[in-house]
Amino acid sequence: MAVLRLLFVIALARWPWLLLGLGCAVVALLANVALLSLAAWFLASMALAGVQGQVFNYFLPAAGIRLLAILRSLGRYAERLFAHDATLRLLADLRVHFFKRLAPLVPGGLPDMHSAELLSRLRADIDTLDHFYLRMLLPALAAMAVMLVGYLFLSAYDRGMALTVLGLWLAAGLLLPLLTLLLGQSAGKRQTETAARLRRRVADSLQGLEELRVYGAVRSQRERVAHLNRTLLHSQGTQARLDSFAQGAVGLAAGLAAWAVLLFGIPRLAVASWSGAALPMLTLFALASFEAMQPLPGAWRMWGQIRTAAERILQVTGATPPVPDPAIPAAPPQGADLRIRQLRFTYPGAAGPVFDGLDLELPALSRTALVGPAGAGKSTLLHLLLRFWDCQAGEILLDGRPLGHYTGEQVRGRMAVVSQHVYLFNATIAENLRLADPDADDAALMEAARIARIDTFIRSLPAGLDTPVGPLGTRLSGGQARRLAVARALLKNAPVLILDEPTEGLDHSTEEALWETLAPVMRDRTVLLITHRPAGLEYMERIVELKPKRL
């Protein structure tokens, strides 16, 4: 039920466009059936008129055939335009929702989930859901409309014939999809899960290639990847064979429907109950109507993939954040002072606390350096300040109130972070900067770049702000990427600036230049520098040393 609720709740956001796409699909299918049926009637009537030497007005049916051909083409184009556009927008909405739910979970809520696994859910699993709307939901509803119109049309000629063809429609459009759903569910689930494991294994192989070579484990790792690949191919082969069987079964049902029309129609011709042109028209009508049922069995055999993909998405979007927001949050903070009182924090499953009674004052507009070796808790404190984790005892006050009184967005909205790990999307400089302020114009972007001392470099580029930075910012040097991160932090205009090892990995000259860039930025902000190096300490007013706890 949770899977269906997810799928239908997503669909409600774009239901007018999906409904319009459904209407266009029904028009295209009925126009195609009517076109073939009218063409059969037209040819038969022309032949009979020639044999009998009668006058036949061919202008009207010829015009009708042209009109139906135009309607079929326009209907198919409009159906793909509206239905695909709505589906792509639905998937984009789901990705945004997924990312918003993921952001507060990553630091503490998903410790065992690989980055490749998260990427697989964000991209491949969400992409899989388009089959539900485009290949299952819309075709099923369109087929129901065609069956209703077709039954009413055939009933005007013979009720028994209409019921027989209806039974074959239901067999091809309902019973056969149910059969393929049951037979393909386990293979579809296995295919989705195996594809996710294969992506993770390949990502691990690429990231750890040096270690695999050192320990001589490349061959065994390659064999694991090959085994997963064979398992995936086997699942895909099972699905392909099931799809071929389903398509053949639909074709068989269409042939039986044509024979049923002939069996009912020939006696009617013998007693002149039907006109001579009615039999080929109804036969072609029965054959052509199965176009609406043709995609259903192959689509429903994918339900296992779709359901598994939706469940994997729900595991993230339905997860409880490690730090829930208050039911009634306080008014957004206005000040920029931070106070830490008797802070105690222990990671889940850890043998001892990271902090046990930590006190720290960060007055507004002060500049404080937090130094200490690896394992002293510097990064943990950053996550606590950003409300990614919650302490077990003590409290952190922002503007005189505990962080727990605010939502995570309220807290993080008051803080800008320049991290040692600068992440840049494979987009333009402007798009990466606007992550901090989507409404910023080019002038605001260049002003932030000027303060960060990267404006000259941007102006030297042929495309300026529209220059792509490449995957992970590979087209920029380390210093340029850090300056871009500073400019992005400036655009956020947050009163609290947290610098997490901002010069890690930079050469001495680039490091000095970056600190000269940061100096004017820090003047009007509360600054917390987290570092284990002496660089930048001369810009701080106070230095606090953290020491790792001894167990």
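Visitor: What makes helix 3 and helix 5 a crossing pair?

Guide: The axis of helix 3 (residues 59-102) comes within 9 Å of that of helix 5 (residues 130-155), and the two cross at roughly 145°. Axes are lines fitted to C-alpha atoms, for helices over the stretch in contact, with angles from 0 to 180 degrees between N-to-C directions. Helices (H or I, at least four residues) are DSSP runs, numbered from the N terminus, as are strands (E, at least two). This is a predicted model, in which local features need pLDDT of at least 70, side-chain atom pairs count only at pLDDT 80 or more, and totals for chains, interfaces and linings use all residues. Residues are numbered from 1 along each chain as its sequence is written, and side-chain values use heavy atoms, with hydrogens and water left out.

Visitor: Which residues make the contact of helix 3 with helix 5?

Guide: Helix 3 contributes Ala 83, His 84, Thr 87, Leu 90 and Leu 91, and helix 5 contributes Asp 130, Tyr 133, Leu 134 and Leu 138; contact means heavy atoms within 4.5 Å.

Visitor: How many helices and strands has the chain?

Guide: The chain has 18 helices and nine strands.

Visitor: What share of the residues counts as buried?

Guide: Buried means under 20% relative accessible area (1.4 Å probe, protein chains only), and 47% of the 551 residues count as such.

Conventions:
Buried means under 20% relative accessible area, exposed over 50%, partly exposed in between (1.4 Å probe, protein chains only).
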